[in-house]
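The sequence and structure come first.

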Amino acid sequence: MPRASVIDNQTDEALAVAAASNPAIFVCLYNRYYQRVHRYCGTRSRSREEAEDLAQQTFVLALNALSRFQPRGSFAAWLFRIAHNLTLDHARRQRAPASWEMLPDADLPVSTDGDPETTLLRKERLEALQQAAEVLSAEQRELLALRFSVGLSVREVASAIGKSESATKMQLLRTLRQLKGRLQSHATLLSK
């Protein structure tokens with residue numbers, strides 16, 4: 001395997017092309033993306049073990065499909081397209097909705113640093129966000145997970161779900177507006 005400094009300076013796309021002929025290089029991509037893929041699978045799973053299995057399956061499928069990767073596209077979008085399809089197939093077989101509660105605690109926007117009042121307010125906001133997200137469709141939650149939990153760009157989200165960038169941007173905007181409206185309604189109810 002090439003020296004670490006050479007690998008660290010390579011783009012993900014260049015590493016994917018190189019890994020197609022030298023699978024040992026794929027370890028670098030695995031290390032770069034495992035946490036994000038696991039986090040995404042966690043939003044689509046009913047247990048941590050299921051999320052780990054789906055993340056591992058994503059990487060096995062990606063490794064086996066590296067010869068078909070086209071470097072003109074984003075490796076992240078390609079990898080999350082595999083994860084997206086895998087989790088959709090898994091969800092169809094399970095026929096039970098996944099819970100956003102499977103998102104690892106470290107990824108939740110609640111900090112225990114600071115005073116107890118601030119921590120309590122953050123927890124209340126997170127609970128309100130979770131309640132508001134429950135009314136979203138699975139497709140809307142999927143968009144939010146790819147964009148905000150995983151951190152893909154709008155272009156990468158579009159590629160991952162197989163839609164145009166403009167349609168994805170519009171759907172994200174509508175979803176965020178719907179979520180904002182639900183949160184404002186929730187805040188109004190609490191203030192009464």
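Q: At what angle do H3 and H7 pack, and how far apart are their axes?
A: This is a predicted model, and the values are computed from it. Two packed helices are described by the angle between their axes and the distance between the axes. For H3 and H7, the angle is about 155 degrees and the axes are 10 Å apart.

Q: Is H3 roughly parallel or roughly antiparallel to H7?
A: The packing angle of H3 and H7 is about 155 degrees. Angles over 145 degrees count as roughly antiparallel. Therefore H3, relative to H7, is roughly antiparallel.

Q: Which residues in H7 meet Arg39, Tyr40 and Thr43 in H3?
A: The crossing of these two helices, H3 and H7, is right-handed. On the H3 side the residues are Arg39, Tyr40 and Thr43. Their partners in H7 are Glu142, Ala145, Leu146 and Ser149.

Q: Which residues of the largest nonpolar core touch the most other members?
A: This core holds 43 residues. Helices that give two or more residues to the core include H3 (26–43), H5 (75–94) and H7 (138–149). The residues that touch the most other members are Tyr33, Phe75 and Phe80.

Q: Which residues does Phe80 touch, not counting those up to four places away in sequence?
A: Phe80 is one of the core residues that touch the most other members. Leaving out residues up to four places away in sequence, Phe80 touches Tyr33, Arg36, Val37, Tyr40, Leu146, Val150, Leu152 and Ala160.

Q: Is Cys41 buried or exposed?
A: Buried means under 20% relative accessible area. Cys41 has 0% relative accessibility, so Cys41 counts as buried.

Note on methods:
Residues are numbered from 1 along each chain as its sequence is written. This is a predicted model: local features need pLDDT of at least 70, side-chain atom pairs count only at pLDDT 80 or more; totals for chains, interfaces and linings use all residues. Side-chain values use heavy atoms; hydrogens and water are left out. Buried means under 20% relative accessible area, exposed over 50%, partly exposed in between (1.4 Å probe, protein chains only). A nonpolar core is a set of buried Ala, Val, Leu, Ile, Met, Phe, Trp, Tyr and Cys residues joined through side-chain atoms within 4.5 Å. Helices (H or I, at least four residues) and strands (E, at least two) are DSSP runs, numbered from the N terminus. Contact means heavy atoms within 4.5 Å. Axes are lines fitted to C-alpha atoms, for helices over the stretch in contact, and angles run from 0 to 180 degrees between N-to-C directions. Angles under 35 degrees count as roughly parallel, over 145 as roughly antiparallel, 65 to 115 as roughly perpendicular and the rest as oblique. A crossing is left-handed if the near helix is turned anticlockwise from the far one by less than a right angle, and right-handed if clockwise.
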